[in-house]
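Subject: Structure handover

Hello,

My notes on it follow below.

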There are 2 protein chains.
Amino acid sequence: MYTLYGFSGSGNCYKPKLLLTHLGEAFNWVEVDTRKGETRTPEYLALNANGKVPLLKLDDGRCLAESNAILCYLAEGTTYLPQDRWQRAQTMQWLFFEQNNHEPSIAEARHISKFLPADNPRRAHLPRLHERGYTALGVMEKHLAKQPFFSGNYSIADIALYAYTHVANEGGFDLRGYPMVRAWLARVRAQPGHTPMH
Amino acid sequence: MYTLYGFSGSGNCYKPKLLLTHLGEAFNWVEVDTRKGETRTPEYLALNANGKVPLLKLDDGRCLAESNAILCYLAEGTTYLPQDRWQRAQTMQWLFFEQNNHEPSIAEARHISKFLPADNPRRAHLPRLHERGYTALGVMEKHLAKQPFFSGNYSIADIALYAYTHVANEGGFDLRGYPMVRAWLARVRAQPGHTPMH
């Protein structure tokens with residue numbers, strides 16, 4: 001059985017949890033509280049030298065890090081990763097967009113707003129993060145005006161982008177101007193086997 | 001024949017150029033100067049709504065964005081993307097590490113140092129970017145102490161990480177304390193069909 005090390009407040013950790021639930025795979029969830037330094041202990045760093053969650057551990061002890069790499073691994077051979085080469089390329093495009101454009105702005109703004117004290121100096125980054133996050137949301141809005149999901153049918157690209165978009169309000173983002181994104185969020189929630197973040 | 005839209009000063013754009021050269025695939029290179037706003041024209045945004053380079057265009061006009069998604073697409077079925085499922089998962093792990101940890105610190109520091117005026121306010125970000133970049137380099141150093149390449153043989157994980165590591169000095173990084181990283185840079189340069197960035 002898979003073991004998933006994760007912090008339940010993290011969208012990155014929610015991604016593999018949501019996919020495993022869709023797949024009907026049982027798994028052990030090990031709660032790791034990043035706020036208490038639990039990803040920086042020698043024991044945890046021996047599992048993941050990068051000191052981050054989520055982390056997927058196989059029965060034989062091998063470990064895989066990076067939320068979207070875990071999604072790719074678990075989705076292989078399932079409908080959540082397209083068989084068609086070009087559709088799969090599109091899925092990968094959106095997975096990298098998520099980790100390079102979307103997560104560093106939208107998840108970071110949420111982290112600062114939700115988890116750091118009101119006087120934390122990182123709050124000064126919020127205007128820049130909001131600007132970048134709204135740019136990412138604009139790219140998504142434009143794409144979703146053309147198709148219901150990011151790469152063909154519902155896939156790990158949708159799972160990855162859903163994770164922090166559906167809680168973007170916690171980072172101070174207002175989705176009222178993004179009707180296509182809001183309709184897509186509802187379509188993701190309506191998928192069979194959907195499970196909420198908490 | 002593939003068309004690659006890229007800015008020759010960009011490590012992200014160098015990645016697919018290096019892979020295509022390894023593969024012996026001819027391609028057209030279209031220089032797009034991001035500093036002159038050439039990724040923000042209506043014509044370019046029609047190709048890539050995210051307004052970034054690199055962009056791979058197929059003969060039939062279909063376009064693929066995100067440097068590491070382009071690497072995955074081009075490497076399919078070649079030795080640059082492992083056939084073994086677990087090794088492929090490791091490759092993906094390092095590709096996402098590159099886009100979420102390495103590139104946002106090391107490439108951003110280089111961009112600020114190399115391309116922005118000395119009085120640009122973004123220079124204030126450099127200490128934080130250096131801290132994050134050295135953390136990423138430390139993770140690489142530790143991994144390369146155990147194996148010569150990132151995921152088995154030389155792969156797209158090495159190509160992706162080489163792109164900005166080999167010019168990290170231009171962002172103010174000093175690799176003297178990273179002997180494993182420096183030895184790996186030399187191994188990458190020694191690969192058959194290697195081509196320099198410029």
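**Where the chains meet**

The contact draws on 26 residues from chain A and 26 residues from chain B. On the side of chain A that touches chain B, β4, α3, α4 and α5 (126–144) of chain A each supply at least two residues. α4(A) gives the most to that side, with twelve residues. Please keep in mind throughout that this is a predicted model.

α4(A) covers residues 85–115 and has a kink of about 55° at H102(A). The kink lies shortly before the proline P104(A). α4(A) is mostly covered, with 23 of its 31 residues buried.

Now α3(A), residues 67–75. Nine of its nine residues are buried, so α3(A) is largely enclosed by the rest of the structure. Among them are S67(A), N68(A), I70(A), Y73(A) and L74(A). What covers the buried residues of α3(A)? From chain A, the cover includes α1, β3, β4 (63–65), α4 and α6 (156–165). From chain B, it includes α4 (85–115). Just after α3(A) comes G77(A), with a positive phi of about 80°.

**Strand pairing in chain A**

β1(A) is residues 2–6 and β2(A) is residues 27–31. The two pair in the parallel sense over five bridges. With helix α1(A), residues 11–23, they make a right-handed β-α-β unit. β1(A) is also joined to β3(A), residues 55–57, by three bridges, and that pair runs antiparallel.

In chain B, four strands form an open sheet in the order β2-β1-β3-β4, with mixed pairing. Why is one side of β2 and of β4 left without a neighbour in the sheet? β2 (27–31) and β4 (63–65) of chain B stand at the edges, each with a single partner strand, so one side of each has no neighbour there. The twist averages 20° from one strand to the next.

β3(B), residues 55–57, and β4(B) run antiparallel and are joined by three bridges. One of the bridge pairs is L56(B) with L64(B). Helix α1(B), residues 11–23, packs on the sheet and touches β1 (2–6), β2 and β3 of chain B. The direction of α1(B) makes about 150° with that of β1(B).

**Core and a buried loop residue**

The largest nonpolar core has 102 residues. Which residues have the most contacts inside it? They are I156(A) and I156(B). Leaving aside neighbours within four places in sequence, I156(B) is in contact with L19(B), L71(B), C72(B), A75(B), Y80(B), L81(B), T91(B) and L95(B). As background, nonpolar side chains tend to be buried together in soluble globular proteins.

Finally, F173(B). This residue is in the loop between α6 (156–165) and α7 (179–189) of chain B. Is F173(B) buried or exposed? F173(B) counts as buried, because it has 23 C-beta neighbours inside 10 Å, and the cut-off for buried is 20 or more. Not counting residues up to four places away in sequence, F173(B) touches I106(B), H130(B), G133(B) and A168(B). I106(B) is 67 residues from F173(B) along the chain, with 8.1 Å between their C-alpha atoms.

Best regards

Methods
Residues are numbered from 1 along each chain as its sequence is written. Chains are lettered from A and ligands numbered from 1 in the order in which they are written. This is a predicted model: local features need pLDDT of at least 70, side-chain atom pairs count only at pLDDT 80 or more; totals for chains, interfaces and linings use all residues. Two strands pair if DSSP finds at least two bridges between them. Axes are lines fitted to C-alpha atoms, for helices over the stretch in contact, and angles run from 0 to 180 degrees between N-to-C directions. Two residues are in contact if their C-beta atoms, placed from the backbone, lie within 7 Å. A residue is buried if 20 or more other C-beta atoms lie within 10 Å of its own, exposed if 12 or fewer, and partly exposed in between; C-beta atoms are placed from the backbone. A crossover is right-handed if, with the strands pointing away from the viewer, the path from the first strand over the helix to the second runs clockwise. The bend at a residue is the angle between axes fitted to the seven residues ending there and the seven starting there. A nonpolar core is a set of buried Ala, Val, Leu, Ile, Met, Phe, Trp, Tyr and Cys residues joined through C-beta atoms within 7 Å.
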